[in-house]
Amino acid sequence: MRRLARWAEVPGAHPRPALSWRVPCGTPMLLALMLWVCSLLLVMILVAPFFGLRVASIVGLGLLVFFVLSCRAICAVRVDPGKE
């Protein structure tokens, strides 16, 4: 009878992926989206009564653009641990 080789016994069969401490950019983007959604309530309470809904929507869209661009900048400049 022929014995089946296990993956652990076969050298080089499946190289283990290199462990990385980097977080995929999807998680910070979701956090930026959550921050924007929570800040919309503050915009509606503080901006809408004084300046109207049109200005409040412009401020809300501006906040979205700001959060997305700052999140992308953080993801682009991220440094691996140990290389600081």
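Does Cys38 count as buried or exposed, and at what relative accessibility? From there, please take me through helix 3, residues 53–77.

Modeller: This is a predicted model, in which local features need pLDDT of at least 70 and side-chain atom pairs count only at pLDDT 80 or more, whereas totals for chains, interfaces and linings use all residues. Residues are numbered from 1 along each chain as its sequence is written, and side-chain values use heavy atoms, with hydrogens and water left out.

To your question, Cys38 counts as exposed because its relative accessibility is 57%, where buried means under 20% relative accessible area, exposed over 50%, and partly exposed in between (1.4 Å probe, protein chains only). Cys71, by contrast, counts as buried, at 5% relative accessibility. The structure holds zero disulfides, a disulfide being a pair of cysteine sulfur atoms within 2.5 Å.

As for the setting, the protein chain has three helices and zero strands, in the order α-α-α along the sequence; helices (H or I, at least four residues) and strands (E, at least two) are DSSP runs numbered from the N terminus. Of the 84 residues in the protein chain, 15% are buried. The accessible surface of the chain is about 7600 Å², with 72% of that belonging to carbon and sulfur atoms, as computed by the Shrake-Rupley method with a 1.4 Å probe, with only the protein chains shown counting as cover for residues.

Helix 3 itself has 25 residues and reaches 36 Å from its first C-alpha to its last, close to the 36 Å expected at 1.5 Å a residue, the expected span being 1.5 Å times one less than the number of residues. Its buried residues are Ala56, Gly60, Phe67, Cys71 and Cys75.

Some of these belong to the largest nonpolar core, which has five residues: Ala32, Trp36, Phe67, Cys71 and Cys75. Helix 1 (26–46) and helix 3 each supply at least two residues of this core, and the largest share, three residues, comes from helix 3. Such a core is a set of buried Ala, Val, Leu, Ile, Met, Phe, Trp, Tyr and Cys residues joined through side-chain atoms within 4.5 Å.

Phe67 counts as buried, at 11% relative accessibility. A search of the whole structure finds one aromatic pair: the ring centres of Phe66 and Phe67 lie 5.7 Å apart with their planes at 55°, so the pair is tilted. Rings of Phe, Tyr and Trp (its six-membered ring) pair if their centres lie within 6.5 Å, with planes under 30 degrees apart counting as stacked, over 60 as edge-to-face and the rest as tilted.

Gly60, which lies in helix 3, counts as buried at 3% relative accessibility, and touches Trp36, Leu40 and Val43, not counting residues up to four places away in sequence. Leu41, found in helix 1, is exposed, with a relative accessible area of 57%; the C-alpha atoms of Leu41 and Gly60 are 19 residues apart along the chain and separated by 9.6 Å. For the chain as a whole, 61% of the contacts between residues at least 6 apart in sequence join residues at least 24 apart.

Terms used. Contact means heavy atoms within 4.5 Å.
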